[in-house]
Amino acid sequence: MDDCHNYTFDQIAVGDSETLARQLTVTEVEALALAAGAIDPAHIEGAPAANGPTAPGAAAAALVSNLLLRRFPGPGSAIVETRLRYGGAIAVGDKLTVTVTARVKHDDGQRIDFDCLCVNQHDAALAEGIAVVAAPTKSVAYSSVATPSIVLRRNDAFAPLLRRCEALPPIRCAVVHPCDRDSLLGALEASKRKMIVPVLVGPEKKIRAAAATEGVHLAPYEIVSTEHSHAAAAKAVELARAGDVDALMKGSLHTDELMGAVVSGTSGLRTARRITHVFVIDVPTYPRLLFVSDAAINIAPDIEVKADIAQNAIDLARVIGIAKPKVAILSAVETVNPKIPSTVDAAALCKMADRGQITGGILDGPLAFDNAINPAAAATKNIVSPVAGETDILIVPDLESGNILAKQLEYLAGADTAGIVLGARVPIVLTSRADPVRTRIASTAVMMLVAHSRRLAAKPLV
């Protein structure tokens, strides 16, 4: 519902003013310090009480811009010039108040000079001066939108993967039943980035209707027409079995439809290895990628299945570039307790690794989540382990706990995620309708790296 409006050039009189107040949080001070170039660890890594004052310019400029562009004059405005003087310092908990007042109006270009003043809770001036704004000429009504939350990302672990993909040729990928906007455009975006050569498998009329709705031309793309989604899954699997495609990507069909065709004993894509799913997760506050498995396919895995889950995750981590991934077998506690089956499984998996039944990684468990990823938590509990606090891979007790963990990291910690199915003849991306573009592209990048690693492994030695 429209509850706000902008102010046009004609509606603003000299002397009109507006005020905005904001109390600074830890994350905002960290982000503003980085924007200002003040990267002293005391500014961006300390606890709230330890966050020292930092340069106020970025904060004051941000608040001035926020007030001018979002409220007064509001949408349709453009800041042409600023002449601001800065002083003082800001810190966590400070309450900043910015006021802008129309000083002079210029008919040429519909420009207005605004006096700007930003003060803290002690009325100390942090910024003052003039901003020249091209005011809007048309009224705009809009809904009030809260300032979006900020996630300060200390790392971008997916960026190196995307750069690696830029040096590789695209792979042929069957996109299964891409009959809605997200699944079709996600595949075509990956194609534009030269990551895949999409083969669109599904009812041709529905695919073309989705494309027409979005104004997309499908002439450059191959379409393999099928009657319905079940037939699309079967046909995509057939293409993979024949070697006509290197990977599969789920479109707008149910996961069980696609996976039912994949795991078929007679016509599917099974191998000797159990088919498992791995989430590859870039958590803003964790210094390395986290692999979580299995959170999507195997509901209540036994030790034999968990061994394949661990091996698939290790193999993937090695493809990504982790030479000796560290694997934490998760439970609720760090000691073996016969009353908690996951602790017994963890101990057995570690012994299997000792005997060479799981290779390529360093396993330890049982470990609780805190001491698996946090060195201080591990030290507090006197846990001596090559894995604790430095984990690359988290093997969860069951699908429910894994799914909850992965989604908590995504929705509460601001993590970016990618997901891939391993253990089949080709890698498979299971996208969700809720997945943003970044997730879809990251998943495609992981799939691409796996497909290319298999090509290299299949080449005969010369």
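Visitor: What makes E3 and strand E6 (residues 125–134) a pair?

Guide: This is a predicted model. In it, eight bridges join E3 to E6, and the two strands run antiparallel. Pairing takes at least two bridges, so E3 and E6 count as paired. One of the links can be named: threonine 82 has alanine 131, in E6, as its bridge partner.

Visitor: Which sheet holds these strands, and in what order?

Guide: The sheet is open and has five strands, ordered E2-E4-E5-E6-E3. Their pairing is antiparallel.

Visitor: Why is one side of E2 and of E3 left without a neighbour in the sheet?

Guide: Strand E2 (17–23) and strand E3 (78–86) stand at the edges. From one strand to the next, the twist averages 20 degrees.

Visitor: Why is serine 293 called buried?

Guide: Its relative accessibility is 0%. Buried means under 20%, so serine 293 qualifies. This serine belongs to strand E13 (residues 290–293).

Visitor: How do you know that the side chain of serine 293 has a polar atom in reach of histidine 277?

Guide: A polar atom of that side chain lies 2.7 Å from the backbone oxygen of histidine 277. The cut-off for a polar contact is 3.5 Å, so the distance falls within it. Beyond four places away in sequence, serine 293 also touches other residues, including Val278, Ile309 and Leu394.

Visitor: What do the buried residues of H8 pack against?

Guide: Among their partners are helix H7 (229–241) and strand E8 (171–176). The buried residues of helix H8 (residues 255–262) are Glu257, Leu258, Met259, Ala261 and Val262.

Methods. Residues are numbered from 1 along each chain as its sequence is written. This is a predicted model: local features need pLDDT of at least 70, side-chain atom pairs count only at pLDDT 80 or more; totals for chains, interfaces and linings use all residues. Side-chain values use heavy atoms; hydrogens and water are left out. Helices (H or I, at least four residues) and strands (E, at least two) are DSSP runs, numbered from the N terminus. Buried means under 20% relative accessible area, exposed over 50%, partly exposed in between (1.4 Å probe, protein chains only). A polar contact is a pair of N or O atoms within 3.5 Å; within protein, one must be able to donate a hydrogen and the other to accept it, and residues adjacent in sequence count only if both atoms are side-chain atoms. Contact means heavy atoms within 4.5 Å. Axes are lines fitted to C-alpha atoms, for helices over the stretch in contact, and angles run from 0 to 180 degrees between N-to-C directions.
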